Amino acid sequence: MEVESSSHNKHANGGGRRHNSGGSDSKESSVERELNGEIQAVVLNSGSNGHGLIKKPLPVGDDGRIKRKAKRLIQRQHSGSNGSAAVLTNGSGSGSGAASGGGAAAAIATGILPQPGGYVVPHRRWKNSRRSRNLTRGRGLPKKGGGGGKGVWGLPGSEALAELYEDENDPNYDSDCNDRNVELREVITETTPDEFFKLAEPIVLEYYEHGDTHEVALSFDEILQSPFRERITSILVEIAMDHKDSQREMTSVLISDLYGRVIIGKDIEKGFNILLSNLPDLILDTPEAPIMLGNFMARAIADDCIPPKFVAKPEEHLQLSEYAEQALRRADSLLHKQGWAHLDNVWGMGGPLRPVKTITKQMTLLLKEYISSRDVAEAHRCLRALEVPHYHHELVYEAIVMTLESLSQTTEEAMCELLKSLDLTCLVLPAGMEQGFIRAFDDMADIVLDVPLAYIILDRFVERCNRAGFLTDKIINNVPSRGRKRFVSEGDGGHVKPAILPMRD
């Protein structure tokens, strides 16, 4: 690229023409002055054919003469055909070694580079450029590091820096936050009883799932504050009242394990006193709350958590309600029985902890009570109370055996109705129903010894249940059938007996 400039005489002529034209406006734009020939332009040739020209006006003095910049040697780095070479050039772009790369050096000197494809930014954009106007000084970088200009709020990232000065007249100024005379102190908020109950309830419910008392003790150590130690017993008992006997047994074990580690005897006594005073409210949700609280107090005494005098001397408890007196009498009656060993099973042996024979006996009593009362809802309640959903197939088996031994169609109808209701309410799953029937089918060889008509009654009972619509195809396909009794004559191989038999025969 090459930079061409006119001679000094041409500048003088152009300047003289402008000087003579006194009637022209001194505020004419640079484009109008250039069109009138009053300003000499710098021509930037981007190609060999002369396309891609850009004109930049040169400054003009008050006397009409063009002020030329002082020619300074500027070192430019450009790539030539034989490699990279440093070229020294002056402000007008002349110098040795600039034949192949002089145009690029001049373009760098002017501060604007042509766009790809030969297009050069128009000269009107010079006034909006952030590059320095002083081409002879500096490196041509944006002013103020790019933080100045219209619509710019500062350098990128400056908003993260702390402001050294804050204007009080600023609409966003907050006197409370910007007050320098502020003393910061640590404030520990006190937990209310309701908040402590919300923190302890998930711990107790999780304990009912895993049964690890050590984990519960660690959890209470994290949230426990000294004023709430007496409320641990009341919270445990209140939550247990809304659950089954198996969870109440786990709660009694938990109180015994927490004694001496998280709580002491005085805390347990204060907790029971809180429950005695709250019994009028607890009885609204749990009508059997006085009986349950009496069982909890008797079990705590049997576990040596509180002394027996807590129940034996009710006069120490001031302003007792009738429900509190009932709870104390219940606990005292349990303690005055022969020994305290029975208090270990005050809540019964819940769920799978009980022996199989005990569960089977309770299911037999359930079926007998149902046959006499025909109360399906009570049978469902008793079955849920057993808490052995994995052993419900035993109920189906006992129902079939009881039907075969009764030799009564009334019993068949009652048992069919019960099994249908258990299937509809999903108390007995289809897998348990199938297992109970298959077990009865497998024991038919032993049952028929006591009940000779067992096969006939079984066929009739299965057909009735099939019409009720709760038997699966697997049960129907596995129904056993007793074979026809063979005669003695069918064992002779099919030979025809002679008409005359010998005397010995």
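1. Arginine 464 forms a salt bridge with glutamate 412, with the closest N and O atoms 3.9 Å apart; a salt bridge here is a side-chain nitrogen of Lys or Arg within 4 Å of a carboxyl oxygen of Asp or Glu. The pair links distant parts of the chain, arginine 464 lying in helix H19 and glutamate 412 in helix H16, 52 residues apart. Helices are DSSP runs (H or I, at least four residues), numbered from the N terminus. Arginine 464 and glutamate 412 are both buried, where buried means under 20% relative accessible area, exposed over 50%, and partly exposed in between (1.4 Å probe, protein chains only).

2. This is a predicted model, in which local features need pLDDT of at least 70 and side-chain atom pairs count only at pLDDT 80 or more, while totals for chains, interfaces and linings use all residues. Residues are numbered from 1 along each chain as its sequence is written, and side-chain values use heavy atoms, with hydrogens and water left out.

3. The chain has a mean pLDDT of 74, and 60% of its residues reach 70 or more; pLDDT is the predictor's confidence in each residue, from 0 to 100. Over residues 1-27 the pLDDT is below 50, and this stretch has 33 contacts beyond near neighbours in sequence (contact means heavy atoms within 4.5 Å). Residues 38-55 also have pLDDT below 50, with 53 such contacts in the model. Where pLDDT is low, the predicted coordinates should not be read in detail.

4. Arginine 464 also forms a salt bridge with glutamate 413, again with closest N and O atoms 3.9 Å apart. Glutamate 413 is partly exposed, at 42% relative accessible area, whereas arginine 464 is buried at 18%. Glu412, Glu413, Arg460 and Arg464 are linked in a network of salt bridges.

5. Elsewhere, arginine 299 forms a salt bridge with glutamate 249, the closest N and O atoms being 2.9 Å apart. Arginine 299 is in helix H10 (residues 289-302) and glutamate 249 in helix H7 (residues 245-258), 50 residues apart. Arginine 299 is buried at 7% relative accessibility, and glutamate 249 is buried at 16%.

6. Helix H15 (residues 393-406) is largely enclosed by the rest of the structure, because 12 of its 14 residues are buried. Its cover includes helices H13 (356-373), H16 (409-424) and H19 (454-468). Just after H15, leucine 407 takes a positive phi of about 55°.

7. The structure holds 0 disulfides, a disulfide being a pair of cysteine sulfur atoms within 2.5 Å. For cysteine 416, the nearest cysteine sulfur, that of cysteine 465, is 4.0 Å away. Cysteine 416 is buried, with a relative accessible area of 7%.

Terms used: Helices (H or I, at least four residues) and strands (E, at least two) are DSSP runs, numbered from the N terminus.
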